[in-house]
Amino acid sequence: MYNDIKLEKGLYNLSEKSFTAALEELDPTANYCGTPLENLDAYERQLKRFNIRISGKECDRVEKFFTSTETAVLFPEFVSRCIKKGFDETILSSVCAAKTVCGCGQYLGCVLDDSADYTTADEAAVLPSATVRESTSATVLAKYGRLVSASYEAIRQQRLDVFGVMLRSIGVKLAASVTKKAVEVLAADAEEITAASLTYADLAKLYGEFDCFSMNALIASPEAASTIVAMEEVAELSADSAGRIVLPFGAELIKTSAAEDNTIIGIDKDFALEFITSSDLIMETDKMIDRQLDQITVSITCGFRKITPDAVKVLKITE
């Protein structure tokens, strides 16, 4: 049972296992089906065990995590989850078709050569071929990170929900720096059309450039996005419950400062981009458990690779 688990630092250092995965192995969620705890994961059950409330009217303060040596072990996971939530709430989750975990700093993916026409073939004739081969060039992963300085005395009285929002904002900004690389990879060597200015007709033309694939996402800078939403054909549209604006031809408008003002990128987000990472977010857990919070680093090593070039088209504005 979750009340009997011994929490210790070593749970963060198990090979190829996250802290939550280690807890789940000791306290499987499947054991709680049909009970009031079935909607909690192993980490959340530990918060309940020690009555640590991270949100709501009676939300605790940071110091609640440090009332014992066992509860202190739970603090790095709280920090990680908050930053990761901010990271995952960005456009990366909207534009990546697949995520690959790579154990080293370079990644050799596969390349599909499928340029032959898909036509009928006579009986006994050789069918046109599609070839999958290893890429001749590696994707080099880069490290993105942040140094967070916050002494224990400075944050001990801070409510956990407010501190969690601060951590989420770090995740959002970290993801924004990573997104610049994603957009750069998408735009590189993509098939382009040009226009003197940004009009709805040009967006429709970009949509028409897609053949086998669908343009279900449109990536634009804040300035270009504001021009698009002000267009007569778009102005009457309302954002959905998730805050997304879907253009009349079915593409979600994705606004990001990572895009250039003169470059509109249309993609089929189900086929275009691969997100490659050597690990999830990495932090110095021992320091946090020991309340040595003066300098805590959070980082991720990752890169991007275009999977299907035909699933990306670019509209360049020449003026």
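Helices and strands are named here from DSSP runs, with helices being H or I runs of at least four residues and strands being E runs of at least two, numbered from the N terminus. In this predicted model, select Asn51, which by that naming lies in the loop between α2 and α3. Its phi is near 55°, a positive value in a residue other than glycine. Most residues other than glycine have a negative phi. With a relative accessible area of 44%, Asn51 is partly exposed.

For another residue with a positive phi, go to Arg291, where the angle is near 65°. Arg291 sits in the loop between α11 (285–289) and β14, and at 42% relative accessibility it counts as partly exposed.

Next, select helix α1 (residues 19–26) together with helix α2 (residues 42–49), which pack at an angle of about 80° with their axes 8 Å apart. Angles of 65 to 115 degrees count as roughly perpendicular, and α1 is therefore roughly perpendicular to α2. To see the contact itself, show Phe19, Thr20, Leu23 and Glu24 of α1, and Ala42, Tyr43, Arg45 and Gln46 of α2. The residues of this contact divide into 4 nonpolar, 2 polar and 2 charged.

Move on to Thr71, which has its place in helix α3 (residues 69–73). Thr71 is buried, with a relative accessible area of 2%, and, leaving aside residues up to four places away in sequence, it touches Phe50, Ile52, Lys64, Phe65 and Phe66.

Now select helix α8 (residues 200–208) and colour its buried residues, Tyr200, Asp202, Leu203 and Leu206. Looking down the axis of α8, you will find these buried residues within an arc of 160°, so they line one face of the helix. The face turned away from that buried side carries the exposed residues Ala201 and Gly208. What do the buried residues of α8 pack against? Their partners are the strands β7 (191–195), β8 (217–220), β11 (263–267) and β15 (312–317), along with the helices α9 (222–229) and α10 (232–235).

Finish at Thr308, in the loop between β14 (296–306) and β15. Is Thr308 buried or exposed? Its relative accessible area is 17%, and Thr308 is buried. Display its side chain, which reaches the backbone oxygen of Phe271 at 3.0 Å. Not counting residues up to four places away in sequence, Thr308 touches Phe213, Phe271 and Ala272.

How values were computed
Residues are numbered from 1 along each chain as its sequence is written. This is a predicted model: local features need pLDDT of at least 70, side-chain atom pairs count only at pLDDT 80 or more; totals for chains, interfaces and linings use all residues. Side-chain values use heavy atoms; hydrogens and water are left out. Buried means under 20% relative accessible area, exposed over 50%, partly exposed in between (1.4 Å probe, protein chains only). The arc is that of the directions from the helix axis to the C-beta atoms. Contact means heavy atoms within 4.5 Å. Axes are lines fitted to C-alpha atoms, for helices over the stretch in contact, and angles run from 0 to 180 degrees between N-to-C directions. Angles under 35 degrees count as roughly parallel, over 145 as roughly antiparallel, 65 to 115 as roughly perpendicular and the rest as oblique. Ala, Val, Leu, Ile, Met, Phe, Trp, Tyr, Cys and Pro count as nonpolar, Asp, Glu, Lys and Arg as charged, and the others, Gly among them, as polar. A polar contact is a pair of N or O atoms within 3.5 Å; within protein, one must be able to donate a hydrogen and the other to accept it, and residues adjacent in sequence count only if both atoms are side-chain atoms.
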